[in-house]
Amino acid sequence: ARSGAPVVLIGDTPNDIRAARANGALSIAVATGHRYGRDELAALEPDMLLDDLSIGAGLLDQVMARLG
């Protein structure tokens with residue numbers, strides 16, 4: 001990523017949330033994985049938690065609003 005450019009990490013595991021946090025990125029957890037459920041992901045307090053990616057293009061609008 002370029003210096004100063006916002007970074008967003010989208011993933012479905014606790015390690016994805018940890019990686020985002022460790023690198024100063026916005027974390028978006030998606031509870032679509034078979035291994036980790038919504039409650040497990042929520043416990044790590046991602047910036048956003050989605051049940052799936054059906055939100056489509058609206059996801060970008062929500063991410064941009066969070067980045068301000």
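Predicted model: local features only at pLDDT ≥ 70, side-chain atom pairs only at ≥ 80, totals over all residues.
Helices (H or I, at least four residues) and strands (E, at least two) are DSSP runs, numbered from the N terminus.

Residues are numbered from 1 along each chain as its sequence is written, and side-chain values use heavy atoms, with hydrogens and water left out.

I begin with the sheet. It is open, has 3 strands in the order β1-β2-β3, and its pairing is parallel. The edge strands, each pairing on one side only, are β1 (8-11) and β3 (48-50). Between neighbouring strands of this sheet the average turn is 15°, direction ignored; the axes behind that angle are lines fitted to C-alpha atoms, for helices over the stretch in contact, and angles run from 0 to 180 degrees between N-to-C directions. Two strands are said to pair if DSSP finds at least two bridges between them. Here, β1 and β2 are joined by 4 bridges, while 3 bridges join β2 (residues 26-30) to β3. Among the facing residues, Gly 11 stands opposite Ala 29 in β2, and Val 30 stands opposite Leu 50 in β3.

How covered is β2? Of its 5 residues, 5 are buried, meaning under 20% relative accessible area; exposed is over 50%, and partly exposed lies in between (1.4 Å probe, protein chains only). In a regular strand, side chains alternate between the two faces of the sheet. In β2, Leu 26, Ile 28 and Val 30 point one way, and Ser 27 and Ala 29 the other way.

Next, the connection. Together, β1, helix α1 (residues 14-22) and β2 form a right-handed β-α-β unit. Right-handed means that, with the strands pointing away from the viewer, the path from the first strand over the helix to the second runs clockwise.

I turn to the surface. Val 8, Ile 10, Leu 53, Leu 60, Met 64 and Leu 67 form a nonpolar patch with about 540 Å² of accessible area together. Areas come from the Shrake-Rupley method with a 1.4 Å probe, and for residues only the protein chains shown count as cover. Patches are made of residues with over 30% relative accessible area and no salt bridge; like charges are joined within 9 Å, and nonpolar side chains (Val, Leu, Ile, Met, Phe, Trp, Tyr) within 5 Å. The largest share, 3 residues, comes from α3. Leu 67, in helix α3, is partly exposed at a relative accessible area of 34%.

Which side chains meet in a salt bridge? They are those of Arg 38 and Asp 51, at 2.8 Å, N to O. The pair links helix α2 (residues 38-42), which holds Arg 38, to the loop between β3 and α3, which holds Asp 51, 13 residues apart. A salt bridge is a side-chain nitrogen of Lys or Arg within 4 Å of a carboxyl oxygen of Asp or Glu. Arg 38 is partly exposed at 38% relative accessibility, and Asp 51 is partly exposed at 49%.

Finally, consider Glu 45, in the loop between α2 and β3. Most residues other than glycine have a negative phi. Glu 45, however, has a positive phi of about 55°, and Glu 45 is exposed, with a relative accessible area of 62%. Thank you.
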